[in-house]
Amino acid sequence: MVPIQQCVVTAEQMRQIEGRLFAAGMPVAALMEKVAQRITTWLEDHFDLRIYPRIGVVAGPGHNGGDALVVARELHSRGYDVRVYAPLAKFKDLTQAHAEYIKHLGILWAESLAALADCDLLVDGLFGFGLERPIEGAIATDVEQINQWSQPVVSIDLPSGLHTDSGNVLGTAIRASHTLCLGLWKRGCFQDSALPLLGRVHLIDFDIPWSDIEAVLGQRPQVGRITAAIAREGLPLPRLANTHKYRVGHLLLVAGSQTYSGAALLAGLGARASGVGMVTLAVPASLKASPDGLPTRGLDDSVPRTPDGAIAQLPDSMDLESYDVIACGPGLSLAANACVQRVIATPSPLLLDADGLNILATLTPIPALKQRSAPTLLTPHPGEFKRLFKGLEAPDWPGSQAQAAAHYSQAIVVLKGARTVIAHPRGHLWLTPDSTPALARGGSGDILTGLLGGLAAQKVVGGAAASHDLALMNAALSGVWWHAQAGRAAAAVHSELGVDPLTLLHHLTPTLVREMADAQP
Ligand SMILES: NC(=O)C1=CN([C@@H]2O[C@H](COP(=O)(O)OP(=O)(O)OC[C@H]3O[C@@H](n4cnc5c(N)ncnc54)[C@H](O)[C@@H]3O)[C@@H](O)[C@H]2O)[C@H](O)CC1
Ligand SMILES: [K+]
C-alpha cells in the first residue's frame, strides 16, 4: 500500500476513484458531509473565531459549491458570522438542497459579492475538478474582485479557475492563500503555472480505501509525490559503525574552467555536504588551490587545456573506472568535448550536468547514452532540456516531457524547475512537493550536482552493477528533496533574496539533522 501523501491524480482518475466509492454504496451526500466536516475543522484550527469572526463563502453550482455550503453551515453552528454568495442561480440537486437549508437557518445569503468585502476570511468553493471551460463574464469579474481584496482566501480542492491537470488558468482564477486539496493530490498542484495561485497547499484526507486507489492508479502508481519518508529512505544512512572512507563512496567530479571557476567549487562543496567519503575534483591546474579547504586534484599544466581554460582531455593515466560515480559538467565550457566523450565511454555510473549536457547535445546524444553499460543521470534545466531533447518539450507538462526523455534516452532525467520532476526510463515519475523561488539563482544547480553525485557514490559503493540504477534513482529523489528543503530553511532565515549559494550550503547539514530528528519515533 502506498501512503496517501505520495499519490497524485488527474481529474479523470479522481472521478473514477470517486465513482467507485459511490458504486460501492457510499452515498454522495455522506461523502460531501464527511469532507466538509474535515475542511471545517481545518479552518477552525487555522483561523480562530476570535481573530476571524466573519467568514465569506463563495459557492459555485457543482459539488465544490456543495462542499462550500456544508462548510458554511458548520462554521455557522460553531459560532462564526457566515455570509454566503453564489453567483450562479442554478445548482446541482445536492448543492441546491444545501442552499435551501442555509437560507432556512437564516445565514446571510448575499445578492452581490460586495456584501463579503469586510469578511476576515473567504472560502472559495466556486469550482473544483469539474471546471470545464474558461470562467467568463460576471463570475470572472467577481474572481478578479476577490483577488484585489486583502483577506486570506482558502480554496476548496483547487483555486477556482485552475485546470486540475495542467494547472493552467482557464479565463481567470482565484489567488488563494491556502489550497485544501481533497482526498488525493491533484496534478495541477505541481505545475509552474499554478504555483503563484495555490498559496500553501494541504491535503484533506477523507479515508479513500486503498483498494479503490489501486484499482485506478495501479499497485505502484506511475506518478508519485516525494515525501520526507521516501527521501529519508534513499539517504546513505545509517553508516556501519566500522566503515572507513573508501567504503562510503569516491566521487570524481570533472568541472570548472578558467572562465567558470565558481561552478567547480560549488559542486565540490555540494559533494562535501553529501558526506561522501572521497571527492576527487578534476579541475584545471589553475583552480587547484581551492579556498575553503576542499581537497582537489588539479591536473598538472601538461594536461591540454581548452581556450576557456577547461581540461581538454583527462590524462590517460587516470583510471576513471576506479571511482564509484563520475559527475561531469559544471563550468566546463563548451570546448571540453573530448573530456565529456571519455566519461560517457567509461562504464561507470555517470551524472551529466550543465556543459556536460550542452556538449552531449552537440554529439549524437541518444545513441551515445544508449550504448552506456552503466546508468546515467541527467540534470537539465528547461534550456538544456530543449537543446538535448529537441521536440520532446511538446507534451503538456514537465512530467510528461521528463518521462518521454527518460524513455528515449534510457537515462534518469531530473528536469529542474520551480518544482523539479524526476523520471526513470521504466516510466516512473516523481514530483517535488515544495521548494522556494530563493533557489532561482546561479550556483544552486552546481551545488545540486555535487550533492547528487556524492549521494550516488555512497549508494553505489560496494553494490553489484545491477543495483547501480536504483542507487542513482534514490540519490536523485533524496538529493532533490534535501536541496529544496535546505533552500526553504535558508529562505526562512535569510529571505528569498538572501539565499546565495554559500548560504544554501550552510543550511544543508542542519536541514538533514532536523529532518532525521523528525523521523525519530
Ligand atoms: N474528490 C472527491 O471525491 C469529492 C469531491 N467533491 C467535490 O466535488 C467537486 C467536483 O464537483 P463537480 O460537481 O463535478 O464539479 P465542480 O463543482 O467543480 O463544478 C462543476 C459545475 O460547474 C459548471 N461549470 C464548469 N465550468 C464552468 C464555468 N467556467 N463557468 C460556469 N459554470 C461552469 C459545470 O457545468 C458544473 O455544473 C470537487 O472538486 C470537490 O470539491 C465532493 O464533495 C466530495 C468528494
Ligand atoms: K475551489
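Around ligand 1 lie 27 residues, of which G62, H63, N64, G128 and G130 come nearest. A residue counts as near a molecule or strand if its C-beta atom, placed from the backbone, lies within 6 Å of it. The model is a predicted one: local features need pLDDT of at least 70, side-chain atom pairs count only at pLDDT 80 or more, and totals for chains, interfaces and linings use all residues. Residues are numbered from 1 along each chain as its sequence is written, while chains are lettered from A and ligands numbered from 1 in the order in which they are written.

By class, the shell around ligand 1 holds 12 nonpolar, nine polar and six charged residues. Here Ala, Val, Leu, Ile, Met, Phe, Trp, Tyr, Cys and Pro count as nonpolar, Asp, Glu, Lys and Arg as charged, and the others, Gly among them, as polar. Helix 1 (11–23), helix 2 (28–46) and helix 3 (63–77) each supply at least two residues of this shell. Helix 3 gives the largest share, five residues. Helices (H or I, at least four residues) and strands (E, at least two) are DSSP runs, numbered from the N terminus.

Seven strands form an open sheet with parallel pairing, in the order 4-3-2-5-6-7-9. Two strands pair if DSSP finds at least two bridges between them. Strand 4 (108–110) and strand 9 (200–204) stand at the edges with a single partner strand each, so one side of each is left without a neighbour in the sheet. From one strand to the next, the twist averages 20°. Strand 2 (residues 54–59) and strand 5 (residues 121–125) pair in the parallel sense over five bridges. V57 has V123 as its bridge partner in strand 5.

Helix 3 also packs on the sheet. It touches strand 2, strand 3 (81–85), strand 5 and strand 6, and its direction makes about 160° with that of strand 2. Helix 2 lies across strand 6 (153–156), strand 7 (178–182) and strand 9, and runs at about 135° to strand 9. For these angles, axes are lines fitted to C-alpha atoms, for helices over the stretch in contact, and angles run from 0 to 180 degrees between N-to-C directions. Contact between two residues requires C-beta atoms, placed from the backbone, within 7 Å.

The UniProt annotation "domain: YjeF N-terminal" (unreviewed entry) covers residues 14–214. UniProt positions are given in the numbering used here, feature names are shortened, and annotations may be inferred rather than shown by experiment. Over residues 14–214 the chain is 38% helix and 17% strand, with the end C-alpha atoms 12 Å apart.

The protein chain is divided into domain 1 (4–223) and domain 2 (229–518). These bounds come from an automatic or database domain assignment. The contact takes nine residues from domain 1 and 11 residues from domain 2. On the side of domain 1 that touches domain 2, four residues are nonpolar, four polar and one charged. The domain centres, taken over C-alpha atoms, are separated by 40 Å.

Two backbone features stand in loops. L237 and P238 are joined by a cis peptide bond, with omega about -10°. P238 is in the loop between helix 8 (228–233) and strand 11 (250–254). S333 has a positive phi of about 75° although it is not a glycine. This residue, S333, is in the loop between strand 14 (325–328) and helix 10 (337–345).

The UniProt annotation "binding site" (unreviewed entry) covers K416, G417, A418, R419, T420 and G445. They are spread over 30 residues of sequence but cluster in space, with a largest C-alpha distance of 13.4 Å. K416 is in the loop between strand 17 (412–415) and strand 18 (421–423).
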